[in-house]
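The structure is shown first.

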Protein chains: 2
Amino acid sequence: MEELRERTLASSTVFEGRIIKVKVDRVALPDGRESDREVVLHGGAAAVVALDDDRRVFVVEQYRYAAGETILEIPAGKLDPGESPLACAERELEEEAGVRARSWLPLGAFLTSPGFSNEVVHIFLATGLERAAGCRPPDDDESLTVRRIPLQSLKRMVASGLVRDAKTATGILLAADAMETGKRGAPV
Amino acid sequence: MEELRERTLASSTVFEGRIIKVKVDRVALPDGRESDREVVLHGGAAAVVALDDDRRVFVVEQYRYAAGETILEIPAGKLDPGESPLACAERELEEEAGVRARSWLPLGAFLTSPGFSNEVVHIFLATGLERAAGCRPPDDDESLTVRRIPLQSLKRMVASGLVRDAKTATGILLAADAMETGKRGAPV
């Protein structure tokens, strides 16, 4: 597919924030014509389907200002600079749900909005849960409520529209498949 | 969850493009403190799992400049102003895959990146496919290759990391579930 690549002719940063950077690039299309591409640069994120011994999943209810609604999500957060997706997932699980996991299985890494962003979210299945000793506080500007919901109920909530978050939907469906096909996490 | 909402104190548009608009808002958190929120406004999108009578799905291979890679996606595109998600899905299916569908089933509407964007992607299952008479050309700046891949193979490709696009992963997993549980589209 190399022939369909687009070549950067010029690049201009139009916004540099705390979470995203936005640039507009002039590109040469494969057929030689030119176009502009708006790009939101994001450092990536990690998300965790943390499954307890009763097959319940830790989810957080959180108001999302950008979306303008309170939604149900699996614990997730941005990668710190240089941080591995797994280390980020472990940190967010502890910060948001107050638990640690003995076994981790990568479920996949997905581009959330490839039409305009490079954001990749890495999703993990975590099992063998135990309450974290000294529970770390959540981020300064996060307000969230933690719940535990059976995996099968969450799967139905994805299909019925009650789960609105894409990474949560993907993670739940992949985790349900992994459990059905007998895949398990391994200590890492 | 009303008590966890964040109140807008000030809003400033930092970028207005063809596809996205970016603003930075000053907000009051539920506990009274203040924070900044970076928000990417997007008009929403629709995506289609178009399943033929042999349970193969139309997918497009497309270079995505923002992501920097060629990826496999179900046909999808931005909603035109005032356009319904279903009308957009019908249009994109015809433009990108050259087919029309007799039956449509909504599979869900998902926030792609609720941490910083309001983008919602509406996903449909389309069946009863027929080749469109006068095939509409794709968008001016799109270069894509159309393929048909069995639904079950695509499901494995999601689990094994070959499907990198989040909406495609969610759509494929939901469509596979819908077929397994006997849900079918209805003419709309």
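## Aromatic pairs

Phe124(A) is buried, with a relative accessible area of 9% (buried means under 20% relative accessible area, with a 1.4 Å probe and protein chains only). Trp104(A) is also buried, at 4%. The model is predicted: local features need pLDDT of at least 70, side-chain atom pairs count only at pLDDT 80 or more, and totals for chains, interfaces and linings use all residues. Side-chain values use heavy atoms, without hydrogens and water, residues are numbered from 1 along each chain as its sequence is written, and chains are lettered from A and ligands numbered from 1 in the order in which they are written.

Over all chains, a search of the whole structure gives two aromatic pairs (ring centres within 6.5 Å, using the six-membered ring of Trp; planes under 30 degrees apart are stacked, over 60 edge-to-face, the rest tilted). The ring centres of Trp104(A) and Phe124(A) are 6.0 Å apart and the planes lie at 80°, so this pair is edge-to-face. Trp104(A) belongs to strand β8 and Phe124(A) to strand β9 of chain A, 20 residues apart (strands are DSSP runs of E, at least two residues; helices are runs of H or I, at least four; both are numbered from the N terminus).

## Helix α1

Among the buried residues of α1(A) are Cys88(A), Leu93(A) and Ala97(A). Their cover includes β8 (99-111) and β9 (120-131) of chain A. Just after α1(A), Gly98(A) has a positive phi of about 75°.

## Two copies

Chain B superposes on chain A by a rotation of 180° with 0.0 Å of shift along its axis, RMSD 0.0 Å (least squares on C-alpha atoms of residues with pLDDT of at least 70 in both). The two copies are therefore related as by a two-fold rotation axis.

Definitions and conventions. Buried < 20%, exposed > 50% of the residue type's maximum accessible area, 1.4 Å probe, protein only. Contact = heavy atoms within 4.5 Å.
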